[in-house]
Amino acid sequence: MEEFKLIQKIKELTQNNNTNNLNIGDDCAVIKDISNDKDVLVTADILVENIHFSLEYYSFYDVGYKSAQANISDIICKGANPKNVFISLSIPKKINDENILEWYKGFIDACNPYNIEISGGDTTSSNDYFFISITLIGAIEKNKAILRSNAKEEDNVYVLGFVGESDLGLRKLLSGDFNYDNESIKTHLRPKLFYNKWQEIIKKYKINSSIDISDGLLQDASHIAEESKKSIEIYENSNWGLVNRFFNVNNKNYKEILKSILTGGEDYAIIFTSNDEIPEENNLIKIGKVKKYSNYFIKFSDINNKEVHFDSLGFIHY
């Protein structure tokens, strides 16, 4: 069973036990009954060696840095502030104390801009592989969390951040190209989050829904559509060059780069919808439109307005 089908089955099993909290089915849980003036957000993430990272081309610092960014992204894309983190590590004998301290240095450097406090966790041994489990807690003003389930018909669809560069960097690493000065490799190993710009957008415009891109732009946009019971259309003639420094329609490989943008994943950019017209700039573009549900959740149209199908919309976990 694929990940998202399994999640749906779990939701069905647990729905009778859930309260008014917003739990399974978003980037993080929004817990409403802990505080009178704040909602608490909780996200949990697992990273597994040779599934999510390889120590052949990741330093321990890079693994730590990315472990933090992947979780911070879940919290901030909801409009919330990350606060406390719990770290659990399963460590094989091939990894020594110095390696783990390097991992923590990377993790802490990613957390420092947000003043995130490491509040606890657990360590255990592992037979062969390095396992990382992160639980990050955030907070937001009551009922202000931006969910993936609230997209409105005729909303514009925007993306904020770098998109597709992480996949391009991964492809280079897998091919044996370890040029760590290459911008796509840098983006893959140490993803950049656009927290300050996102906060400006939230304060200035009405944002109806959001999700971060972990599995692929089309796949994650389809989650907004499905949870909102809408259809989303994404357009090839968007200004992709503003969110991907390698994209150029005059480049003979631009279709491959576009595929990385649409299906690559691990970008940790933010897809969001708003009825407002938000000016485009570097790392911020309009990419599509939310429509009334019409027998599909996601559709990509080329420059001739013809629908394009992909073998996969993004990363399939299992």
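Contact is taken here to mean heavy atoms within 4.5 Å. In this predicted model, Trp103 is in contact with Phe60, Tyr61, Val63, Gly64, Ser67, Ile87, Leu89, Phe130, Ile132 and Ile134, its neighbours within four places in sequence being left aside.

Trp103 also belongs to the largest nonpolar core, which has 42 residues. Together with Ile72, Leu89, Phe107, Phe130 and Ile132, Trp103 is among the residues with the most contacts inside this core. At least two core residues are supplied by each of β2 (38-48), α2 (60-76), β3 (81-91), α3 (97-111), β5 (131-141) and α5 (183-189). Helix α2 provides the largest share, with 9 residues.

Two or more lining residues are given by each of β3, β5 and α6 (195-204). By residue class, the lining of this pocket comprises 9 nonpolar, 6 polar and 6 charged residues.

Ser301 is placed in strand β11, which spans residues 298-301. With a relative accessible area of 4%, Ser301 falls under the 20% limit and is therefore classed as buried. When residues up to four places away in sequence are not counted, Ser301 touches Ile234, Tyr235, Glu236, Lys306 and Glu307.

Key
Residues are numbered from 1 along each chain as its sequence is written. This is a predicted model: local features need pLDDT of at least 70, side-chain atom pairs count only at pLDDT 80 or more; totals for chains, interfaces and linings use all residues. Side-chain values use heavy atoms; hydrogens and water are left out. A nonpolar core is a set of buried Ala, Val, Leu, Ile, Met, Phe, Trp, Tyr and Cys residues joined through side-chain atoms within 4.5 Å. Buried means under 20% relative accessible area, exposed over 50%, partly exposed in between (1.4 Å probe, protein chains only). Helices (H or I, at least four residues) and strands (E, at least two) are DSSP runs, numbered from the N terminus. Ala, Val, Leu, Ile, Met, Phe, Trp, Tyr, Cys and Pro count as nonpolar, Asp, Glu, Lys and Arg as charged, and the others, Gly among them, as polar.
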